[in-house]
Amino acid sequence: MLLCYYTKVKIMEVSSAVDIFHGEGSALLVQAILSLKTEEECRAFLEDLMTGKEIQDCSQRILVAKLLREKLVYNQIARRTGASTATISRVNRCCAYGTGGYQLALDRLEDGGNPSFSESQEAVS
């Protein structure tokens, strides 16, 4: 009975992950993000869309991905960002085995996709 429940839950989790971008709302979200043209527009949208905590969590994750890419170790990343080792591990797993979203975004930022990226990183360092 327990194995059956566990298998059913795992199948539901996998199904949910696969279907995450197939709904009308998720398509609208992706299109809304793509429609934004300036940093100000993006900030306004994110502030309306998410709570302050959600924005902080997402901000922390992209910073963790950047620091993992720079080959910092977990305890250095945790100290610098305040992220838990569980969060760092999750981001690392996404970077290693995920869809490549973190890598693509960081590549584009490094290639000049956002002129303020290098300036803001100098302020953080």
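Tutor: Here is a walk through the salt bridges, pair by pair. Keep in mind that this is a predicted model.

Let's start inside a helix. Glu-39 pairs with Arg-43, with the closest N and O atoms 2.7 Å apart. Both residues lie in helix α3, four residues apart, or about one turn of the helix. Glu-39 is partly exposed, because its relative accessibility is 42%, while Arg-43 counts as exposed at 54%.

Next up is the salt bridge between the side chains of Glu-70 and Lys-66, at 2.4 Å from N to O. Here Lys-66 is buried, with 12% relative accessibility, whereas Glu-70 is partly exposed at 39%.

Now for a pair that reaches across the chain. The side chains of Arg-69 and Asp-107 form a salt bridge at 2.3 Å, N to O. Arg-69 sits in helix α4 and Asp-107 in helix α7, so this pair ties together parts that are 38 residues apart in sequence. Arg-69 is partly exposed, with a relative accessible area of 26%, and Asp-107 is partly exposed too, at 32%. Salt bridges with shared partners join Arg-69, Asp-107 and Glu-110 into one network.

The nonpolar side is worth a glance as well. The largest nonpolar core has ten residues, including Ala-65, Leu-68, Tyr-102 and Leu-106. Helices α4 and α7 are among the elements that give two or more residues to this core, and the largest share, four residues, comes from α4. Ala-65 itself touches Tyr-102 and Leu-106, among others.

Note on methods
Residues are numbered from 1 along each chain as its sequence is written. This is a predicted model: local features need pLDDT of at least 70, side-chain atom pairs count only at pLDDT 80 or more; totals for chains, interfaces and linings use all residues. Side-chain values use heavy atoms; hydrogens and water are left out. A nonpolar core is a set of buried Ala, Val, Leu, Ile, Met, Phe, Trp, Tyr and Cys residues joined through side-chain atoms within 4.5 Å. Buried means under 20% relative accessible area, exposed over 50%, partly exposed in between (1.4 Å probe, protein chains only). Contact means heavy atoms within 4.5 Å. A salt bridge is a side-chain nitrogen of Lys or Arg within 4 Å of a carboxyl oxygen of Asp or Glu. Lists of a residue's contacts leave out its neighbours within four places in sequence.
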